[in-house]
Amino acid sequence: MKRPAQLVFIPAPGVGHIVSTIEIAKQLVARDYQLFITILIMKLPFDKLFTNTDPSISHRISFVNLPESHIDTQGLAFTSFIKTFVQGHKTHVKDAVTKLLAESAQAELAGFVIDMFCTPMINVADEFQIPSYLFFTSGAAGLGFWFQLQSLHDEQGKDVAEITGWDSELIVPSFINPVPAGVWPGMMREKEGATDFIDFAARFRQTKGILINTFRELEPHALRSLSDGKFPPVYPVGPLLNLKSDDGHVGSDQSIQKSDILEWLDDQPPSSVVFLCFGSMGSFSEAQVKEIACALEKSRQRFLWSLRKPEPKGKVGMPSDYADVKGVLPEGFLDRTAGIGKVIGWAPQVAILAHLAVGGFVSHCGWNSTLESLWCGVPIATWPMYAEQQLNAFALVKDLGLGVEIKMDYKQDSEVVVSAEEIERGIRRVMEKDSDIRARVKEISEKSKKALTDGGSSYSSLGRFLDQI
């Protein structure tokens, strides 16, 4: 008989990473009643302390909030910030795992499952003489991109300056089409960011296996490119979605907002509403807000727009809701669109995407949002903002044919204002009733659900992972 085993998950800080980690933990313990999982949570300086409010989570999954590390990360580029931040938690992780081992003597420690940004924790796993696995919370094509840049540097001898200055297309085995320099992650444009990126990817190769939040039917080409023996074994186990995510941490105000939004959608015809939402970090300048408003008005489409207020320049933090949106919108906009549109702040995204009235999604192409939209069968108009979202947008539009472009190479920190004409064109295209894209998205939606059922591709892949831990 199999002995009880314990896995320690270390997600990167940030809600997107924690949500998909909880989802994979839920799937693993549901499949193996001898498995216990501890999730170690690192808190960012401006984040609230994590509390699990989901009563449906198994008692075999536990959470440990690690002590805060007060490290000076002022002025660091994102990748260096996250690396320094994670490094600063190594002692806390060691202490937490030592305590865990003392308390649960009957369950053998079988490994660390670390997030893509938590590679410094491989050293801690080595100290406990246990394997590390990688949990890659984005797609397989993106993972292949990391590996390709690392290979350019480490195997083909290209120096970092040459990589950061790259201005033409790059052949990447995990992408069907050559990848233009404009859609590379912004951090690849800085020496520090590119160096860290290459270092992360080199560490990925030292793990015993890679769990990816994708499924074979969505990214067959990318997954084949990662299965040629040059990389650790890859386990596509997605789509890992928290379809109740809107309920978990909403207060009473948000519950009222949610029912108000869904009631409004109930009054709209099927597939008639375009939903605009740009993730937990997405916000725009006033000039850009006015172009979006102008595009919506001209398109005459029904719309639901989640409009968030950016932090003041130079201040780090999350966007918030406007006290009054009238001040940033064109004069009279709300009155003129009262019959067909609704401007909101916070959005219960999954509930909205699942609503029959929604026919298109203008999105920042964060990977969780992309998977949610495809699961719900809603085509995407791509407007990426930061991180690897430009790569996701490129894959969706060019390789997979599941989205249309608004502006694939947009970067949130640039001064670029996308014109109302470009936005309107994207909205009209994503809302086309009988488009090939809509048909393909519906097909992928069905396949995404099948992948997780008994005998499905991701179900089987998760079984293979469990067999070897």
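These notes walk through a predicted model, from its sheets to its helices and salt bridges.

1. Ground rules. Local features here need pLDDT of at least 70, side-chain atom pairs count only at pLDDT 80 or more, and totals for chains, interfaces and linings use all residues. Residues are numbered from 1 along each chain as its sequence is written, and side-chain values use heavy atoms, with hydrogens and water left out.

2. Start with the open sheet of seven strands, ordered 3-2-1-4-5-6-7 with parallel pairing. Its edges are strand 3 and strand 7 (234–236), each of which pairs on one side only. From one strand to the next the twist averages 25°. Two terms to keep in hand: strands (E, at least two residues) and helices (H or I, at least four) are DSSP runs numbered from the N terminus, and two strands pair if DSSP finds at least two bridges between them.

3. Strand 1 (residues 5–10) is mostly covered, with six of its six residues buried. Buried here means under 20% relative accessible area, exposed means over 50%, and partly exposed is in between (1.4 Å probe, protein chains only). Ala-5, Leu-7 and Phe-9 point one way from the strand, Gln-6, Val-8 and Ile-10 point the other way, and all are buried. Strand 1 runs parallel to strand 2, and five bridges join them. Look for Phe-9 opposite Ile-39 and for Gln-6 with its bridge partner Phe-36.

4. Which helix is largely enclosed by the rest of the structure? Helix 14 (residues 367–375) is, because nine of its nine residues are buried. Trp-367 and Trp-375 are among them. Its cover includes helix 1 (15–31), strand 13 (358–363) and helix 17 (436–451), where contact means heavy atoms within 4.5 Å. Just after helix 14, Gly-377 takes a positive phi of about 75°. Helix 2 (residues 78–87) is mostly covered too, with seven of its ten residues buried, including Phe-81, Phe-85 and even Lys-83. Helix 3 (90–103), helix 4 (121–127) and helix 7 (191–204) are part of what covers the buried residues of helix 2.

5. Salt bridges. The count comes to 17 salt bridges, each being a side-chain nitrogen of Lys or Arg within 4 Å of a carboxyl oxygen of Asp or Glu. Arg-3 pairs with Glu-108, the closest N and O atoms being 3.7 Å apart. Arg-3 lies in the segment before strand 1 and Glu-108 in strand 4 (residues 108–115), so the pair ties together parts that are 105 residues apart in sequence. Lys-94 and Glu-127 also form a salt bridge, at 2.7 Å between the closest N and O atoms. Because Lys-94 lies in helix 3 and Glu-127 in helix 4, that pair links parts 33 residues apart in sequence. Glu-68 and Lys-43 meet at 3.5 Å, N to O. Glu-68 is partly exposed at 37% relative accessible area, whereas Lys-43 is buried at 13%. There is also a network linking Glu-23, Lys-26 and Asp-54.

6. Arg-31 lies in helix 1 and is partly exposed, with a relative accessible area of 29%. Leaving aside neighbours within four places in sequence, Arg-31 is in contact with Tyr-459, Leu-462, Gly-463 and Leu-466.

Methods
Axes are lines fitted to C-alpha atoms, for helices over the stretch in contact, and angles run from 0 to 180 degrees between N-to-C directions.
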